[in-house]
Amino acid sequence: MNEVLQKLHEYAVVPVVVVDDAKDAKNLAKALVEGGLPCAEVTFRTAAAEESIRQMVEAYPEMLVGAGTVLTVEQAKRAVAAGSKFIVSPGFNPKVVQYCVENNIPITPGVQTPTEVEMGLEFGLEVLKFFPAEPAGGLNMIKALCGPYVNTYFMPTGGLTTKNVRDYLSFNKIWAVGGTWIAKKEAIAAGEFDKIKANAEEACAIVKEVRG
């Protein structure tokens, strides 16, 4: 398994963040690192995403920063140039997946169905994003998919909270989860970095509780 994906497995919870202003990027990175969760998926939903990735990586080189909501090859190129170590997409775009696979960039594209899982298998992918997790059937759906696809692992994102994340992490086919609750857009914009740090610490405690 790829070294980056292995790290994500160790962290188990990956903060999924939306940064509206790149000036908040370093403080966000600091809060996550000090909270014991030195990783983040910075979504390409805002104009500040690329610069935010760059600043986070420069300030905390030990941090594992990836890009999420990557919809095009051009976005993937920009994300990697900014310092992104992995790519996450909400759906399965064969062009983006092919580009990443050919350039040895770890990618977890979003899937919901057996057909999409098999598309991932065609590209040799072992870890796939399951999105949006809760609306798409949650853990029960993932367990159903794992019946025929015994060598596939999932990284569910969407609707996970401190109330249900233990259930997900307890299942051995969950590689990691995407945690949007750890650093919400509003908290980042409001400068509530102590709260974000506390959320990261809580997430780490849950991982230790469930996975040891």
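Predicted model: local features only at pLDDT ≥ 70, side-chain atom pairs only at ≥ 80, totals over all residues.
Leaving aside its neighbours within four places in sequence, F154 is in contact, meaning that heavy atoms lie within 4.5 Å, with eleven residues that can be traced one by one: V111, V117, L128, F130, I142, L145, C146, K173, I174, W175 and A176. A nonpolar core is here a set of buried Ala, Val, Leu, Ile, Met, Phe, Trp, Tyr and Cys residues joined through side-chain atoms within 4.5 Å, where buried means under 20% relative accessible area, exposed means over 50%, and partly exposed lies in between (1.4 Å probe, protein chains only). In soluble globular proteins, nonpolar side chains tend to be buried together.

Helix α7 (residues 138–146) has G138, L139, I142, L145 and C146 as its buried residues. Because they cover an arc of only 120° around the axis, they lie on the same side of α7, the arc being that of the directions from the helix axis to the C-beta atoms. The buried residues of α7 pack against α6 (114–122), β6 (127–130), β7 (153–156) and α8 (165–170). In the loop between β6 and α7 lies P132, and a cis peptide bond, with omega about -15°, joins F131 and P132.

Two packed helices are described by the angle between their axes and the distance between the axes. For helix α2 (residues 25–34) and helix α10 (residues 193–211), the axes come within 7 Å and cross at roughly 35°; axes are lines fitted to C-alpha atoms, for helices over the stretch in contact, and angles run from 0 to 180 degrees between N-to-C directions. On the side of α2 the contact is made by N27, L28, A31, L32 and E34, and on the side of α10 by F193, I196, K197, A200 and E201.

Strand β1 (residues 13–17) holds P15, which counts as buried at 0% relative accessibility. Leaving aside neighbours within four places in sequence, P15 is in contact with L32, L37, C39, A40, E41, G179 and I182. The C-alpha atoms of P15 and W181 are separated by 7.7 Å, although these residues are 166 residues apart along the chain.

A12, with phi near 70°, lies in the loop between α1 (3–11) and β1 and is buried, with a relative accessible area of 0%. N104, with phi near 55°, has its place in the loop between α5 (94–102) and β5 (107–111) and is exposed, with a relative accessible area of 68%.

Definitions and conventions: Residues numbered from 1 in each chain as written. Heavy atoms only, no water. Helix = DSSP H or I, 4+ residues; strand = E, 2+ residues; numbered from the N terminus.
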